[in-house]
Amino acid sequence: MQISSKEINSLITFLTIVFLLAPAFLVAYIFVYNQRKKRHIEEKAQMKLTFETEIAKTQLEVQEQTMQTIGADLHDNIGQLLSLTSLTLNSIELDNEAKARQKINDSIDLTLRSIKEMRLLGHLLQGDQLVALGLPEAIRQEVSWMERSGRYEILYLPGEDLPAAGNPDKDLIIFRIVQEIFNNIIKHAAATQISIALDHFDGHLKLTMTDNGVGFNADSLPGGKAGMGLQNIRKRAAIIGGEAAIISSPGEGSRVTISIPYP
Amino acid sequence: MINYISLNIAMEIATTVIAMVFLRYESGAWKKMPMLLLMTCVVEITGRALRINKEPNDWVYNIYLIIEAFFISTMYRYLISSFTSNIRFIGFGGLFLVILYIFETISRGFSAYNDITETVMLVLFICYGLYYYYLLIDSEIYHKLSAYPPFWWVAGTLFFCFGSVVSNLYYTFLSSRAWPLFTSRYSIFNYLNIILYGFWSYSFICRYRQRKSIA
């Protein structure tokens, strides 16, 4: 079969047009892909902003919690000690030397206790700076604060395999979660025993806090502040790429487990 | 004189003027673009003049092939180097073209057009362009493509190379058979040149705007 010149021209022109479709589709695809890339970059920037806002909020909350603790301690503890000192000193009868000496000694003892309490408060005044000492140490300070109330028997087990260099942002958020759990225990659990375990394995930090309190139905979280507190724990764990599991049932205490990629 | 200026040459002159105006403060590979376009104009006018005077003009386009290969490879080298330092393959590609060019010139003589070298060169430029686009979309950095000069420069080059490959392949491998003469090659190249110089001119303007906004 003879091919005419016209047919060849048409064929080559047609093939050229078909070949031109390739770069046309390519350019269109790159435009679409680039738009997706733009959206992804914007989302990443938004997530970074949310993270930074959350860090700032957490920092404020830790400071607020510290100020509340200090306020309560000044009122309930140091204030009482100083009032008692003042009363003791006022009740001294100088003509009864033996009794006066006893009361002066009691006053000295009360003053020394006040000084000791003030020192402890001084540590707490550092507030969020506690986290700079490292997460295990910050939790230890919080534990000793709780123990001082005499209402709780606390078992704290910081793992030996925790990384030496932590992650300050994550430490702050985990520390705030610990504070939040302690708050829940104080306000709602009526617990007497608390255990805290901090472990590190497979690049994850695992925090487990257990209490023997009244417990609650974990499947239907209570509304109001208590429910908000638990939601906050979940939300905060998610912000640093982790997850929180809350296991509890009425009368059987509760267990909160947080697992976070660390450091 | 007017006979020497075809639509194609008029477009090349216009693009050269645009390049000279908008790339006058450039450095690096962009600065070389007006030079390439100026040489393209000279080659095209010479080629046309020889054709009008019924003289063979393939040797002019053979010289131009070296210029084109050098300048386009340099530009690709510059563009790709902004993403990766691994650009040795462009050097190897250039070396391969030189060997092929010498081989084709020796075997067919300098007066016959080196169309195999040209086809291979076009395929290489397509590969460079595709690789550049791959690096562009793989990069973490976002560029507004509608005003991003390298994107339009590569797009113009890709359109031209893709479009030229078909007629070149015909010319290279089929025209020697007993097939009829393919006469619409010239008009296809005219359309491809419109696309190429249109995209390139736009990229030069984008480059100028980009430079102005940075300054």
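A salt bridge here is a side-chain nitrogen of Lys or Arg within 4 Å of a carboxyl oxygen of Asp or Glu. By this rule, the predicted model contains 14 salt bridges over all chains.

Glu140(B), in the loop between helix 5 and helix 6 of chain B, pairs with Lys44(A) in helix 1 of chain A. Their closest N and O atoms are 3.7 Å apart. Glu140(B) is exposed, at 65% relative accessibility, and Lys44(A) is partly exposed, at 45%.

Helix 1 of chain A also packs against helix 5 of chain B: the two axes come within 10 Å and cross at roughly 15 degrees. The helices are therefore roughly parallel, and the crossing is left-handed. Among the residues in contact are Tyr29(A), Ile30(A) and Tyr33(A) on one side, with Leu130(B) and Tyr133(B) on the other.

I turn now to chain A. Glu180(A) in helix 4 and Arg236(A) in helix 5 are 56 residues apart, yet they form a salt bridge with a closest N to O distance of 3.5 Å.

Finally, in chain B, Arg108(B) and Glu104(B) form a salt bridge, with closest N and O atoms 2.7 Å apart. These residues lie 4 apart in helix 4 of chain B, so about one helical turn separates them. Arg108(B) is partly exposed, at 39%, whereas Glu104(B) is buried, at 3%.

Notes
Residues are numbered from 1 along each chain as its sequence is written. Chains are lettered from A and ligands numbered from 1 in the order in which they are written. This is a predicted model: local features need pLDDT of at least 70, side-chain atom pairs count only at pLDDT 80 or more; totals for chains, interfaces and linings use all residues. Side-chain values use heavy atoms; hydrogens and water are left out. Axes are lines fitted to C-alpha atoms, for helices over the stretch in contact, and angles run from 0 to 180 degrees between N-to-C directions. Helices (H or I, at least four residues) and strands (E, at least two) are DSSP runs, numbered from the N terminus. Angles under 35 degrees count as roughly parallel, over 145 as roughly antiparallel, 65 to 115 as roughly perpendicular and the rest as oblique. A crossing is left-handed if the near helix is turned anticlockwise from the far one by less than a right angle, and right-handed if clockwise. Contact means heavy atoms within 4.5 Å. Buried means under 20% relative accessible area, exposed over 50%, partly exposed in between (1.4 Å probe, protein chains only).
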